[in-house]
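Dear colleague,

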Amino acid sequence: MTATSSNHAEILAIHEASRECVWLRNVIQHIRGSCGITSDKEPPTVLYEDNAACIAQLKEGYIKGDRTKHILPKFFFTHDLQKSSDISIQQWKADVVLM
């Protein structure tokens, strides 16, 4: 896949990470069920993102506009996962070390 902007690349990456989270959460739930372990609703899996614009777009969901017209709506699946509390996207700021 080719990203047309850095924001597009960030959305694609967080989309793939969230898909993996859903799969892993389902596997864990299946294993617990097979072992007879019951649990309440799991806390959301935290994904860290350093792009504030990407985080804002994913919280709002797909809105067609000049900045998002090149990004397919399916990549905003992460928005639905946040609404259902399966994942939580938090901003991460890297400390820059200059030598």
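**Salt bridges**

Arg 19 and Glu 16 form a salt bridge, in which the closest N and O atoms are 3.2 Å apart. A salt bridge here is a side-chain nitrogen of Lys or Arg within 4 Å of a carboxyl oxygen of Asp or Glu. The two residues are three residues apart in helix H1, so about one helical turn separates them. Helices (H or I, at least four residues) and strands (E, at least two) are DSSP runs, numbered from the N terminus. Arg 19 is partly exposed, with a relative accessible area of 43%, and Glu 16 is also partly exposed, at 38%. In these terms, buried means under 20% relative accessible area, exposed over 50%, and partly exposed in between (1.4 Å probe, protein chains only).

Please note that this is a predicted model: local features need pLDDT of at least 70, side-chain atom pairs count only at pLDDT 80 or more, and totals for chains, interfaces and linings use all residues. Residues are numbered from 1 along each chain as its sequence is written, and side-chain values use heavy atoms, with hydrogens and water left out.

By the rule above, the count comes to three salt bridges. Another of them joins the side chains of Asp 86 and Arg 25 (3.9 Å, N to O). Asp 86 lies in the loop between helix H3 (77-83) and strand S2 (87-91), and Arg 25 lies in helix H1, so this pair ties together parts that are 61 residues apart in sequence. Arg 25 is buried, with a relative accessible area of 18%.

The side chains of Glu 42 and Arg 32 also meet in a salt bridge (2.2 Å, N to O). This pair links distant parts of the chain, 10 residues apart: Glu 42 is in the loop between H1 and strand S1 (45-49), and Arg 32 is in helix H1. Glu 42 is partly exposed, with a relative accessible area of 31%; Arg 32 is partly exposed as well, at 28%.

**The largest pocket**

The largest pocket has a volume of about 330 Å³. Of the 14 residues that line this pocket, the closest to its centre are Arg 25, Asn 26, Gln 29, Arg 32 and Glu 42. The search runs on a 1 Å grid over the protein atoms alone: a cavity is a set of points where a 1.4 Å probe fits but cannot get out, whereas a pocket is an open set with protein on both sides within 12 Å along at least five of seven lines, and lining residues have an atom within 4 Å of a point. Grid points are joined across faces, edges and corners, and a volume is the space filled by probe spheres set on the points.

Which helix gives the most to the lining of the largest pocket? Helix H1 (residues 6-34) does, with seven residues. By type, the lining divides into four nonpolar, four polar and six charged residues. For this division, Ala, Val, Leu, Ile, Met, Phe, Trp, Tyr, Cys and Pro count as nonpolar, Asp, Glu, Lys and Arg as charged, and the others, Gly among them, as polar.

**Overall arrangement**

The protein comes to three helices and two strands, which follow the pattern α-β-α-α-β along the sequence. Of its 99 residues, 28% count as buried. Among contacts (heavy atoms within 4.5 Å), those between residues 24 or more positions apart account for 70% of the contacts with a separation of 6 or more.

**Individual residues**

Ser 18 is located in helix H1 and counts as buried at 0% relative accessibility. Not counting residues up to four places away in sequence, Ser 18 touches Leu 47, Phe 77, Thr 78, Leu 81 and Ile 87.

Leu 58, in helix H2 (residues 52-60), is likewise buried, with a relative accessible area of 0%. Leu 58 and Ile 89 are 31 residues apart in sequence and 8.7 Å apart in space, C-alpha to C-alpha.

Trp 92 is found in the segment after S2 and counts as partly exposed, at 47% relative accessibility. Its contacts are Tyr 48, Glu 49 and Asp 50, not counting residues up to four places away in sequence.

**Cysteines**

A search of the whole structure finds zero disulfides (pairs of cysteine sulfur atoms within 2.5 Å). Cys 21 is buried, at 11% relative accessible area, whereas Cys 35 counts as exposed, at 54%.

Yours sincerely
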